[in-house]
Amino acid sequence: MKEAYLGIDIGSISTKGVIIDKDNQILASEYIWTEGDPMGAAGKLISALEKQFDKETYQIVATGTTGSARKLVGAMVGATIVKNEITAHAVGTTTLYPEVRTILEIGGQDSKIILVEHGIAVDYAMNTLCAAGTGAFLSSQARRLGVEVEDFGRIALTSKHPTQLAARCTVFAESDLVHKIQMGHTKEDIIAGLCRSVVSNYINNVGKGKKILSPVVFQGGVSKNIGVVEAFRKALGCDIIVDENGHLMGALGIAILAGKANARRTFDFSVEDMAFRTREINCGRCPNNCEIICIYRDDMLIDSWGNRCDKGALKAGIRTGVRTMAKN
Amino acid sequence: MARERKISFPMVANYNSVVKYFVEHGLNAAFIMPPKLTRRTVEIGAKNSPDYVCAPFKTLLGNMVDALEAGADTLVMTMGLCRLGYYAELQEQILKDLGYDFEMINLAAYSTGKNRDYFKAVRRLNPRVSLGRLALTFAECLKMVEHIDEIEEEYYRNCGFERHPGQYKKVYDRFLLNMELARNVRDIEAGYLKAKREFQAILLDKPEQPLRVGVIGEYFTVMDEFSNLYLEQKLADMGVEVHRWMNLTHRNIHYQGQKNLGVQISEYCRYEMGPTSTANIWCAKNYAVHGFDGIIHLKSAGCTPEIDIMPVLQNISRDYKIPVLYLTYDSQTSDTGLMTRVEAFYDMISMRKQVVQI
């Protein structure tokens, strides 16, 4: 049996998973929508990966989770490593592109910039408080314009005179956009303007004060949009590398980290058939009222978090008698 | 004789034991210890505050409500060098509108810089106060502040490296309790020495060159652990030596002064920019010069003085190649987003350090 490592990246919009071997070669990969149900998405992802995976020759010995639901899904699949997406992306990209100096990343709800020197991340920034200029903004505007977000890039490239749009804030950009539509700007100009506003927003907010050096790798869901890639190329004046697996970088990074770490636990594909359930309880043992999230597998409490002190600590492994709805 | 006043002062970091000591011994009045800050405090504060005011205003307002409900009839509120100077006035108005009956002593109204005027405020709290006793208690309070700050500094520098987890916390908590219960200067000194001795006895597994992170930022948010969502504890738990210069000892009691600090950072800024700006820039440069692995800058949303120093920090970061993480706090209580950023920051500086050491 050869060793293999599983990495799962559960973002706000999409869920990504890869299985790699010892030489970081991708054995299986999958990309699906989270649809507001991270646990369900992770279950679907695992069953899709299982179909591509050669169980006879390989065995998954380490599992890592990353992305905004990393803790939840990490508890569900029994991850050996749970890490934030910034580190995972940096590791994934620097493994594939050791020369990279700047990593631009725009996802569904967040955007980040990672500066790299000699293959090591030396500085990073992430958007705060506001989702302006992320994938969520683009898809909501696509709906307004009646265009599929997947076609955005193609349409944007046909424009010759991109419309100027206020880029600072989603709310302003949106009212500006409505105004420009009613003024009679063409759809492709507006779409190209949107792509440009995403880029200028990114450079002014996330990239503020950071020196962007080439080679530049652009990844995350929005990197699939060639309109935005083109706008970045124009704004930065250098070539932008977009990997065909750019959307998998986080999952790849966490799989690599799982392989490097010492912890080992054989991954069991049967988790996809188990029923998981979460419940929020208010501790109530002091006025802070911590919201404690409990995760149950069948009716067994497997993990809990959210408490600020020992008063709210719950022991894993307690059978609570809380009945779980069977899957399906 | 007028009935005894029940004085309260909103909770700031660990300094309420000092205020308690001062009120009880110097002013000979009763002190109502405001309840610890909780989510409820923040909710009440945020509900009754203007939306765009900074988070410390909301937290303090909520804490004042807590204190009034606990029985206080006199509130004391500090002056400040930024918008803080106007806060007492506005908070008094809001609380009176909510129907609370109390007296507000607004120190901003007495802050002329002359000690005589501060004494007027004290006279209002207790007209028959003895000047000699007041001065003596004040000196003892300064000592207590210094002790609290020193123990806290030592705690955050070492608690991430203890061999048996929980030992440092135990000593630290007991020390804070001792300070709260102190009845005379002997208690203060004994509590301090006991904590020092017990810290000495704890076994540490500290590498020769641990990761060192300097925490700087806005006065209230950086000092109050509830408001910064226990950032220093989180860093320490990851195995970081956490340094924070900003505390009452350094910023107020032994402050070197705007001019002295300004000279040392003249290549970065030439003017004073706000209450803690010079100190924070100086502090960041100091950390950079001393080879720290990273700097974390915190502020509450909308804090103008701290927003102003961010470009200067970016220059320091570039010149000394030291990463700076910028964190903005509002009245949120979920720490998931904070954890993501802090963890990534930790991963980054630790990977950097490994490479540098090879």
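Let's start where the two chains meet. In this predicted model, 16 residues of chain A are in contact with 16 residues of chain B. Which parts of chain A do the touching? Helix α3, residues 85–96, and strand β8, residues 120–126, each supply at least two residues of that side. The largest share belongs to β8(A), with six residues. On the side of chain A that touches chain B, nine residues are nonpolar, six are polar and one is charged.

Next, chain A as a whole. Nine helices and 13 strands make it up. Its C-alpha atoms fill a box of roughly 65 × 50 × 40 Å along the principal axes.

On to the domains. Chain A is divided into three parts. Domain 1 covers 2–90 plus 250–272, domain 2 covers 98–242, and domain 3 covers 274–328. How far apart are the centres of domain 1 and domain 2 of chain A? Taken over C-alpha atoms, 28 Å separate them. Where these domains meet, seven residues of domain 1 are in contact with 12 residues of domain 2. On the domain 1 side, α3(A) gives the most, with three residues. That side has three nonpolar residues, four polar ones and no charged ones.

Last stop: strand β6 of chain A, residues 102–106. Is β6(A) mostly covered or mostly open? Mostly covered: five of its five residues are buried. In a regular strand, side chains alternate between the two faces of the sheet. Here, Thr102(A), Leu104(A) and Ile106(A) point one way. Ile103(A) and Glu105(A) point the other way. All of them are buried, Glu105(A) included.

Which strands pair with β6(A)? One is β7(A), residues 111–117, which runs antiparallel to β6(A) and is joined to it by five bridges. The two form a hairpin, with four residues between them. Find Ile106(A), and you will see Ser111(A) of β7(A) opposite. Another partner is β9(A), residues 216–219, which pairs with β6(A) in the parallel sense over four bridges. There, Leu104(A) has Phe218(A) as its bridge partner.

How values were computed: Residues are numbered from 1 along each chain as its sequence is written. Chains are lettered from A and ligands numbered from 1 in the order in which they are written. This is a predicted model: local features need pLDDT of at least 70, side-chain atom pairs count only at pLDDT 80 or more; totals for chains, interfaces and linings use all residues. Two residues are in contact if their C-beta atoms, placed from the backbone, lie within 7 Å. Ala, Val, Leu, Ile, Met, Phe, Trp, Tyr, Cys and Pro count as nonpolar, Asp, Glu, Lys and Arg as charged, and the others, Gly among them, as polar. Domain bounds come from an automatic or database domain assignment. A residue is buried if 20 or more other C-beta atoms lie within 10 Å of its own, exposed if 12 or fewer, and partly exposed in between; C-beta atoms are placed from the backbone. Two strands pair if DSSP finds at least two bridges between them.
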